[in-house]
Amino acid sequence: MKTVKEVSRMTGVSIRTLRYYDEIGLLKPAKLTESGYRLYDGRALEKLQEIMFFKELEIPLADIREMMDNPELSKKQILAAQKAMLEKKRRRLDGIIELIADVMKGENTMSFEEFREGDVKTMIDRMQQGLSEEQFDEFINKYGGSVEAYQEQLMQGLNNEDTKASLLRWYGGKEKVVESFAPVSDMDDLRKEFDMLQRDFAAHKEGAGDEKEKELVEKLADLYKQMLHMDNARNFLLDLAKEYRQDEKLAQAQDSQYGEGTAEYMAQAIQRYYGI
């Protein structure tokens, strides 16, 4: 069970909105404590995810409630209807269509689970299996000094509330995060491709909103999916765009390497592509 504050951090839906959803009967908490605090379980979070998809389509809350309360509509039927509507807005909502497709396949459902010692050991084992002994030792020496020290650092980092909220937005659940901890065999080639892509962004700053920009963002999403083992890069890219616009040091580092205004243009291009 998670509190309304924790659910807000994980999903990006404000506490005020969650309380309003409760008041109008759209999303009731799984339980109320004796003190009156709302608690949400996994099923409530899945329902919230469905509501978020409908909100992306700008469907009124009353209509969302009517559809979700309809006993003749299964979860899969609801998602299929959402997908059909999203396809009519393909240019603006390509990322959401991909995300709904992931949910329909059962590959991207949110989870409340904490990261445990066994999860961290599995992550490190996956990394070790994909690296040579020399590469693994070099990584451990750089980031922890010993396997035990790195494991402890990783455990603390994964269960940091801000970090965990971000990972859940990007991957959808703990299992996907654990699976992502595997080396990418062609990472050097992907990094070269990534560098060239950012240069393409820098050279295309005057083409805001055109077809070429759309292709660049799609390629950026595909590269991140390969490098980070993601099913869908939408939430990651939107967070990246936000960081480019809010973190002055990050923007300066990007601009110093690829040219003035590159970070801002990439942020705008990502947000345009996803309809933000």
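A residue is called buried here when its relative accessible area is under 20%, and by that criterion 42% of the 276 residues of the protein count as buried in this predicted model. The chain carries 16 helices and 3 strands, and its accessible surface comes to about 15000 Å², of which 47% belongs to carbon and sulfur atoms. Among contacts between residues at least 6 apart in sequence, 65% join residues at least 24 apart.

In soluble globular proteins, nonpolar side chains tend to be buried together. The largest nonpolar core of this model has 45 residues, and the members that touch the most others are Met123, Leu154, Leu158, Phe201, Leu220, Tyr224 and Leu237. Apart from this core lies another, of 20 residues, which includes Val7, Val13, Leu26 and Ala44.

**Aromatic pairs**

The count of aromatic pairs in the model comes to 6, and two of them are set out below.

| Pair | Distance between ring centres | Angle between planes | Arrangement |
|---|---|---|---|
| Phe139 and Tyr150 | 5.3 Å | 90° | edge-to-face |
| Phe194 and Tyr224 | 5.4 Å | 70° | edge-to-face |

Phe194 lies in helix H12 (residues 187-203) and Tyr224 in helix H13 (residues 211-228), so this pair ties together parts that are 30 residues apart in sequence. Both Phe194 and Tyr224 are buried, and together with Trp170 and Phe236 they form one aromatic cluster.

The other tabulated pair links Phe139 in helix H8 (residues 133-143) with Tyr150 in helix H9, 11 residues apart. Phe139 has a relative accessibility of 24% and therefore counts as partly exposed, whereas Tyr150, at 8% relative accessibility, counts as buried.

Leaving aside neighbours within four places in sequence, Gln153 is in contact with Tyr143 and Gly144; the C-alpha atoms of Gln153 and Tyr143, 10 residues apart along the chain, are separated by 8.9 Å.

In helix H10 (residues 161-171), the buried residues are Lys164, Ala165, Ser166, Leu167, Leu168 and Tyr171. An α-helix has 3.6 residues a turn, so residues three or four places apart point the same way. The cover over the buried residues of H10 includes strand E1 (2-3), helix H1 (4-11), H9, helix H11 (174-180) and H13. At the start of H10, a side-chain oxygen of Asn160 reaches to within 3.0 Å of the backbone nitrogen of Asp162, and just after H10, Gly172 takes a positive phi of about 90°.

**Arg38 in strand E3**

Strand E3 consists of residues 38-40 and includes Arg38, whose side chain is joined to that of Asp22 by a polar contact of 2.6 Å. Besides Asp22, and with neighbours within four places in sequence left aside, the contacts of Arg38 take in Lys2, Thr3, Val4, Arg19, Pro29, Lys31 and Leu32.

Key. Residues are numbered from 1 along each chain as its sequence is written. This is a predicted model: local features need pLDDT of at least 70, side-chain atom pairs count only at pLDDT 80 or more; totals for chains, interfaces and linings use all residues. Side-chain values use heavy atoms; hydrogens and water are left out. Helices (H or I, at least four residues) and strands (E, at least two) are DSSP runs, numbered from the N terminus. A polar contact is a pair of N or O atoms within 3.5 Å; within protein, one must be able to donate a hydrogen and the other to accept it, and residues adjacent in sequence count only if both atoms are side-chain atoms. Contact means heavy atoms within 4.5 Å. A nonpolar core is a set of buried Ala, Val, Leu, Ile, Met, Phe, Trp, Tyr and Cys residues joined through side-chain atoms within 4.5 Å. Buried means under 20% relative accessible area, exposed over 50%, partly exposed in between (1.4 Å probe, protein chains only). Accessible areas come from the Shrake-Rupley method with a 1.4 Å probe; for residues, only the protein chains shown count as cover. Rings of Phe, Tyr and Trp (its six-membered ring) pair if their centres lie within 6.5 Å; planes under 30 degrees apart count as stacked, over 60 as edge-to-face and the rest as tilted.
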